[in-house]
Amino acid sequence: MDETEFWQLVDTTRETAEGDPEEQADLLVERLVQLDPDSVLDFSRHFESRYNRAYRWDLWGAAWVLLDGASDDAFDFFRCWLIGQGREVFEGAMHDPDTLAELLDDFDEEIDGDGEELGYAADEAYEQLTGAVAPALGIPAAPAEPEGAPLEFENESVIAGRYPKLWERFRED
């Protein structure tokens, strides 16, 4: 599975699920079990490499604004959700997290921002196909700390200044 096929699978499942990340995860499993185990591992490699790439302070700050705070776990699940939004949104956020204010049509804190199940879809599909736990993917490990400079999440003026578009559109009043 190449990068284009990876993103096509992400996009078609998101569209079919109408943006619901849990439904998208279920659809991903359904689609992945129709492939061979090596293709499922390829999907997993694409997903994990993007998940690791998104481990950045500036993205965590964007998640903080969108989620009205983001713990370690919440940021992990946010990164899965961000991948699930597709290539345009993911790459746009990687280029400049504040552009999420323009890239997201809407954001419902009840369902959006938490893609935990998306992170397990390939593992679940692989186990259904083979009866075994997926092997190590052979990709570089995630960094121990997020990339970039840490942010003062609790300082509203710092966050509002760093993410003016997100702050204007999504901040809690």
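Ile-139 is found in the loop between helix 8 and helix 9 (156-162) of this predicted model, and at 29% relative accessibility the residue counts as partly exposed. Along the chain Ile-139 and Asn-52 are 87 residues apart, yet in space their C-alpha atoms are 10.0 Å apart. When residues up to four places away in sequence are not counted, Ile-139 touches Arg-45, Glu-48, Ser-49 and Asn-52. The points below take up the rest of that loop, the helices, the nonpolar core, the other loops and the pockets.

- In helix 8, which spans residues 121-130, the buried residues are Ala-121, Ala-122, Ala-125 and Tyr-126.
- Because these residues cover an arc of only 125 degrees around the axis, they are placed on the same side of helix 8.
- Just after helix 8 comes Gly-131, which takes a positive phi of about 75 degrees.
- Val-133 lies in the loop between helix 8 and helix 9, and with 67% relative accessibility Val-133 counts as exposed.
- The C-alpha atoms of Val-133 and Asp-123 are 7.1 Å apart in space, and the two residues are 10 residues apart in sequence.
- Not counting residues up to four places away in sequence, Val-133 touches Tyr-126 and Glu-127, and Tyr-126 is itself one of the buried residues of helix 8.

**The nonpolar core**

- The largest nonpolar core has 53 residues, and those with the most contacts inside it are Phe-43, Leu-66, Phe-78, Leu-82, Leu-100 and Leu-166.
- Helix 4, residues 57-67, provides the largest share of this core, namely 9 residues.
- Leu-166, once its neighbours within four places in sequence are left aside, is in contact with Ala-62, Val-65, Leu-66, Pro-97, Asp-98, Leu-100, Ala-101 and Arg-171.

- In helix 6, the buried residues are Val-89, Phe-90, Gly-92, Ala-93 and Met-94.
- The cover over these buried residues of helix 6 includes helix 1, helix 3, helix 4, helix 5 and helix 7 (100-103).
- Thr-99 has its place in the loop between helix 6 and helix 7, and with a relative accessible area of 15% Thr-99 is buried.
- Thr-99 and Glu-156 are 57 residues apart along the chain, and their C-alpha atoms are separated by 19 Å.

**Positive phi in residues other than glycine**

- Glu-18, in the loop between helix 1 and helix 2, has a phi near 55 degrees, a positive value in a residue other than glycine.
- At 74% relative accessibility, Glu-18 counts as exposed.
- Asp-68, in the loop between helix 4 and helix 5, likewise has a positive phi, near 55 degrees, although it is a residue other than glycine.
- Asp-68 is exposed, because its relative accessible area is 52% and the term applies over 50%.

- Helix 1 (3-16) and helix 6 (87-95) each supply at least two residues of the lining of the largest pocket.
- By residue class, the lining of the largest pocket divides into 5 nonpolar, 3 polar and 10 charged residues.
- The second largest pocket holds about 230 Å³ of space, and of the 15 residues that line it the closest to its centre are Glu-110, Ile-111, Asp-112, Gly-113 and Asp-114.
- To the lining of the second largest pocket, helix 2 (21-32) and helix 5 (72-84) each supply at least two residues.
- The lining of the second largest pocket divides into 5 nonpolar, 2 polar and 8 charged residues.

Technical notes: Residues are numbered from 1 along each chain as its sequence is written. This is a predicted model: local features need pLDDT of at least 70, side-chain atom pairs count only at pLDDT 80 or more; totals for chains, interfaces and linings use all residues. Side-chain values use heavy atoms; hydrogens and water are left out. Helices (H or I, at least four residues) and strands (E, at least two) are DSSP runs, numbered from the N terminus. Ala, Val, Leu, Ile, Met, Phe, Trp, Tyr, Cys and Pro count as nonpolar, Asp, Glu, Lys and Arg as charged, and the others, Gly among them, as polar. On a 1 Å grid over the protein atoms alone, a cavity is a set of points where a 1.4 Å probe fits but cannot get out, and a pocket is an open set with protein on both sides within 12 Å along at least five of seven lines; lining residues have an atom within 4 Å of a point. Grid points are joined across faces, edges and corners, and a volume is the space filled by probe spheres set on the points. Buried means under 20% relative accessible area, exposed over 50%, partly exposed in between (1.4 Å probe, protein chains only). The arc is that of the directions from the helix axis to the C-beta atoms. A nonpolar core is a set of buried Ala, Val, Leu, Ile, Met, Phe, Trp, Tyr and Cys residues joined through side-chain atoms within 4.5 Å. Contact means heavy atoms within 4.5 Å.
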